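Reader: Hey, I'm new to this one. Can you show it to me and walk me through some of its contacts?

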Amino acid sequence: MSSLIPVTQEEFCYLLSLLSLSLSLSLSLGVLGFELRTLCLLGRCSTTSALPPALLSILFFYVDTCFQRWTPTFMRRNPFGVDICCRKGSRSPLQELYNPIQLELSNTAVLHQMRRDQVTDTCRANSATSRKRRVLTPNDLKHLVVDEDHELIYCYVPKVACTNWKRLMMVLTGRGKYSDPMEIPANEAHVSTNLKTLNQYSIPEINHRLKSYMKFLFVREPFERLVSAYRNKFTQKYNTSFHKRYGTKIIKRQRKNATQEALRKGDDVKFEEFVAYLIDPHTQREEPFNEHWQTVYSLCHPCHIRYDLVGKYETLEEDSNYVLQLAGVSSYLKFPTYAKSTRTTDEMTTEFFQNISSEHQTQLYEVYKLDFLMFNYSVPSYLKLE
């Protein structure tokens, strides 16, 4: 006789999701399995239950068979509450991702499932840190760009190809105004009024879109992104606004015997001073980090918002075109590709960290630790952690 193993409903849902994946080649894979998985992705599993492990597959098969047998085809709905039969004559990106026409999961789909699981596992393991804030406000959603026509939500992260992705979103939402993303000037892509963000909607509208639209973001190795932000904002003479806003403050706090010219201009911040500013407890007590060096988990809130796709800078073109494929636009729209000679590389990042003390390296890693763990980036080999 099987003994009962107590499991949380969240664990139960996760087991069912694994079961549904294992049955993906059989005709018994149905809507309910996806709905149960979706409940977990949306964070609705909280109560406890106890079930015999041997009954899991029987239960899944039973409810799925009943659902398929007794529910008329035209009333069946996908896990996100959108009619399967029609969305402007095509399937939604979420349907393409979670309920593909082909039964066999592609290697790409499996890869993105693993990335989703990595985020979920990290959030669960670090819940005390990652969920300090229990509820998000509309102001927390200002980085989430909405495409109504293709049912997409893109959380942009500065220094992770966000200029080109904003260009793509302008093409997707422009309704014919734009065709070639590279014809859109970079500064125009960053004009806030050119794209609609999720914080501009009412609470019910926000909840509907978070449930029904495909949500994605792109991430990058945290310290490579940080060095890229430093090089762009503090070593380029044209970025006078950053020099005045942040450079003068950093020099005043971190440089002994600073000249009056340095205090006035703020245009020669050293990387060591920038790091010292970031790890200074007074900095975050004073105000949030600027978006260019803010952590991804603070910008996009992946422990509160369940992202369907996590793209990576290291596989940027492939992941971007997968998003466009799911959106049904890959036949006429591709992610812009061009060789950027000034791109910050791993070798360059290593050089910048050579002059950072092991104490400061350790403190800086703690600031960005969740980004490293959540998006499966290993501790850099050049770090000398204490």
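Predicted model: local features only at pLDDT ≥ 70, side-chain atom pairs only at ≥ 80, totals over all residues.

Reader: Okay, where is E273 found?

Author: E273 is in helix α13, which covers residues 271-279.

Reader: And is E273 buried or exposed?

Author: Buried: the relative accessibility of E273 is 8%, and the cut-off for buried is under 20%.

Reader: Which residue forms a salt bridge with E273?

Author: That's R255, and the closest N and O atoms of the two are 2.8 Å apart.

Reader: What about R255 itself, buried or exposed?

Author: R255 is buried too, with a relative accessible area of 17%. R255 also forms a salt bridge with D268, where the closest N and O atoms are 3.2 Å apart. That pair links distant parts of the chain: D268 sits in the loop between α12 (260-265) and α13, R255 in the loop between α11 (240-254) and α12, and they are 13 residues apart.

Reader: Why does D268 count as partly exposed?

Author: Because its relative accessible area is 33%, and partly exposed is the range between the 20% limit for buried and the 50% limit for exposed.

Reader: How many salt bridges does the count come to?

Author: The count comes to 16 salt bridges. One of them is between D319 and R115, with the closest N and O atoms 2.9 Å apart. D319 is in helix α16 (residues 316-326) and R115 in helix α5 (residues 107-125), so you're looking at a link between distant parts of the chain, 204 residues apart. Both D319 and R115 are buried.

Reader: Changing topic: how many aromatic pairs does a search of the whole structure find?

Author: It finds 24 aromatic pairs. Take F271 and F352: their ring centres are 5.4 Å apart and their planes are at 75°, so this pair is edge-to-face. F271 lies in helix α13 and F352 in helix α17 (residues 346-353), so the pair ties together parts that are 81 residues apart in sequence.

Reader: Is F271 buried or exposed?

Author: F271 is buried, with a relative accessible area of 3%.

Reader: Where's the place of Y230?

Author: Y230 is in helix α10, residues 222-234, and it counts as buried at 6% relative accessibility. Y230 and W293 are 63 residues apart in sequence, and their C-alpha atoms are 8.4 Å apart in space.

How values were computed. Residues numbered from 1 in each chain as written. Heavy atoms only, no water. Helix = DSSP H or I, 4+ residues; strand = E, 2+ residues; numbered from the N terminus. Buried < 20%, exposed > 50% of the residue type's maximum accessible area, 1.4 Å probe, protein only. Salt bridge = Lys/Arg side-chain N within 4 Å of Asp/Glu carboxyl O. Phe/Tyr/Trp six-rings, centres within 6.5 Å; stacked < 30°, edge-to-face > 60°.
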